[in-house]
Structure formats: structure tokens, C-alpha cells
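I opened my notebook to look up a few spots in this structure.

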Amino acid sequence: MSEPVLEARDLLKDYVTRDAKLQRRTARAVDGVSFQIGEQETFGVVGESGCGKSTIGRVLLKLYEATGGEILLFGENVAPLSERRFRGHRRKLQMVFQDPQAAFDPMSSIRSSLREYAELRGLRRRAEQDALIERTVEEVGLPPELIDRKPSEVSGGQLQRLNVARCLLVEPKVLFLDEPTASLDVSIRGQIVNLLLDRQESDHLSYLLVSHDLRVVYAMAHRVAVMYLGQFVEVGTRDQVYERARHPYTRGLLDAADLDEPRRDSSSVRLAGEISDEVMALPGCRLMPRCPFAEESCESPQELLQVEEGHLVRCWKAVEQPGDMGLPVTLTKKGEAREEAGKMIVE
Ligand SMILES: Nc1ncnc2c1ncn2[C@@H]1O[C@H](COP(=O)(O)OP(=O)(O)OP(=O)(O)O)[C@@H](O)[C@H]1O
Ligand code: SF4
Ligand SMILES: [Mg+2]
């Protein structure tokens, strides 16, 4: 990978809240997360609700202050910068919300919401702003007349296209895509995915993509991280994670998603029970109460370990005793014989 456009190093984010008795409570939503995103690369983050996916993006965009760690934008650590000093960088990072309604003022025309972004681009004259807005709206596949409507007067799919246009107006380098298709009908999700893929290529954009939808992540991401209770538990290329998943949590997620494509190697894992953040106070593996392979050694702290180039797993057992978990004992290239769950398979 060329020099990373955006990098997170050991990112931490604590939320301080008050419980019913007004006692202060600190909850760690992001716990030591590190990754890099290269130019024109999509880094996907998947995981169940509440695991901390959106918090990562919000901290990277400095919508929330990081509790610890570094955020490098083109090599410069922007985490400690004040709001004023960060302003010069803000244009480079934009966010596509899950709910496109949230990006527009419901009382104003779409044109007037978009003007603010044309202004951020440095255009002062209205005629110049309008010309840029109309051109950008056409580029995302919409007739420019739409912009004189209010957000409630266009469809959800059109509004999400306008939301993408809104970001493009400021010529960003990185887009944080937080569930970009979740609020849309299944029939138009593919159109938004294709629009984002096209714009990535034409504008050399880098994407941080967060989604519950494993299909959307498969369609868009080059590399993928699987997140559980604030930590990455598996990181790899898209194919390493989808086709050679090693962590029981990843395998459980893929099974629950019931993807018929792509074909996966790992045998079925069912996760029992609910997510409980009580395990965060313990030093060992956070999946223990739900993992069918849990044993005493899992009570020790689990580091992300490399199982093949670029493929990291936070589970000692997946590395040391993969056969006991129904995994291939050795990773193989196509055409070689391998042992899987006790039987020899020749591809
Ligand atoms: N502003 C906030 N104040 C306090 N706690 C918060 C805040 N935002 C999020 N949290 C908590 O932090 C944890 C992570 O939340 P986050 O929204 O990042 O998860 P997520 O993975 O994006 O979930 P979802 O898939 O539902 O969008 C959750 O336990 C959530 O309740
Ligand atoms: S470390 Fe143990 S509990 Fe955690 S995922 Fe691996 S086998 Fe399961
Ligand atoms: Mg979220």
C-alpha cells in the first residue's frame, strides 16, 4: 500500500454517562483500534449493534474527541489539534449518514443546504456555487431541477444520492460511510453501492465503510475488520475474512448472515447468548460467554495474532489449535490437499 491516507493508532474512546442513580459511569466504546486506509481503498468494519463501529468514524472525523491514540491524516497526527487548527483538514473528511434526511435542513430547499458546501469549497459568488451544485448533482445521476425541492419531496434513494453529492462538493479525500444503504429499499441499495464505487474510482476516494450488511461490505471493501465489544477480533483482506474466517465470532456472523456467496471454508459456528459488556472488565477474551470453543486458557488477554500475511486474529486457539475448531490445520493454496475438520479434502 502507498502511504496511508488515514491511519488510526491504538484509538480509545470512553463515553461518560450517568446511570439511573446519577452515578458517573465510563464505558469504553473503542478499545485500542488500529488500521490504515490507502488511497482509493475501502476499509470495512462489521459487527453487531453497539460494538463501536460508528464511534470509530465519529472520533476519526473529530466529531467526538478521542480518549487516547493517534489519528494520522496524510501522516500528520490530527488527534491533538484544536477545533480551529483542525478546520483546514475538515474538508478532506466527509461523512455519509445512514439517514440522508439528517444531512439536510427539512425547512429549506436542497439547493440552499448544498450552497453551504459549495461555499466551503471556496466559491463566493452564487452563480458559481449554482453551476458547481448543478454539475455535481448531474454527476450523481440526478436531474438538477430536483435541488429546488425540499428534502421531504424527493425519494430516499434520490436523497442519498444528493447526500453523496453534498460530500463531493468539497472535494474530500476520505468518506466515512456509516450504514450508507441501511435506510433504503433493497431495490435501490445496489444503485448507491455502484454510485459509491464509481465515485471512488473517478475521484480516488478512500472509504471507511461501517455496516451490518455483510453483502454491502463484500461488494465494496478491499479489507475488512470484524469488531466485537470495542475491539477488532479479526482483520484481513475481504477474501481472508469472508472465505477463510478464523475467529469464532466472524464465523458466527457469517453463518447468521446466511450468505450463499461467497463460498466459505469454515464449518458452522453458532454463537449462544447475548452480548454482555460485563466481560469488558475481565482481562480475557470478551467472546467467552458466547463461544462454543471457550476454555480456561481463554481467560488470558488475547492479542491480535497474524495467521497469514495481512490476516490477524484475536484468538489463541484459532492460531494454535485450529483443527479443534473445525478449521483447516494449515492454510493452503488452491490445488493442494488439506485437512479440514478431520477429513482430507482435495480441491
Ligand atoms: N454519545 C454517546 N454517549 C454515550 N454512549 C454512547 C454514545 N454513542 C454511543 N454510545 C455507546 O457506545 C457503544 C458503541 O456505540 P456505536 O454507536 O459506536 O455502535 P455501533 O457499532 O455503531 O452500533 P449500531 O450498529 O447500532 O449503529 C454503545 O454501547 C453505545 O450505547
Ligand atoms: S479465545 Fe477462546 S473464547 Fe475467545 S474466541 Fe478463541 S476460543 Fe473462543
Ligand atoms: Mg452505528
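These entries cover a ligand shell, some strands and one proline.

**Entry one: the model.** I noted at the start that this is a predicted model.

**Entry two: ligand 1.** I asked which residues sit around ligand 1. I listed Tyr15, Thr17, Ala29, Gly47, Ser49, Gly50, Cys51, Gly52, Lys53, Ser54, Thr55 and His212. Then I checked which elements give two or more residues to this shell, and found β1 and α1 (53-60). The most comes from α1, with three residues. I also sorted the shell by type: three residues are nonpolar, eight are polar and one is charged.

I followed β1 (residues 6-18) next. It runs antiparallel to β4 (residues 68-73), and five bridges join the two. Opposite leucine 6 I found leucine 73 in β4. On β5, leucine 73 has glutamate 76 as its bridge partner. I counted two bridges between β4 and β5 (residues 76-77), which are antiparallel. These two strands make a hairpin with two residues between them. In the turn, phenylalanine 74 has a positive phi of about 45 degrees.

I located proline 248 in helix α9 (residues 248-257). Is proline 248 buried or exposed? It is buried, because 28 other C-beta atoms lie within 10 Å, and 20 or more is the cut-off for buried. Leaving aside neighbours within four places in sequence, I saw contacts from proline 248 to Val269, Leu287, Cys291, Pro292, Phe293, Cys315 and Met325. I also looked up leucine 282, 34 residues apart from proline 248 along the chain; their C-alpha atoms are separated by 19 Å.

Methods
Residues numbered from 1 in each chain as written. Chains lettered and ligands numbered in written order. Predicted model: local features only at pLDDT ≥ 70, side-chain atom pairs only at ≥ 80, totals over all residues. Helix = DSSP H or I, 4+ residues; strand = E, 2+ residues; numbered from the N terminus. Buried ≥ 20, exposed ≤ 12 C-beta atoms within 10 Å, placed from the backbone. Contact = placed C-beta atoms within 7 Å. Pairing = 2+ DSSP bridges. Near = placed C-beta within 6 Å. Nonpolar A, V, L, I, M, F, W, Y, C, P; charged D, E, K, R; others polar.
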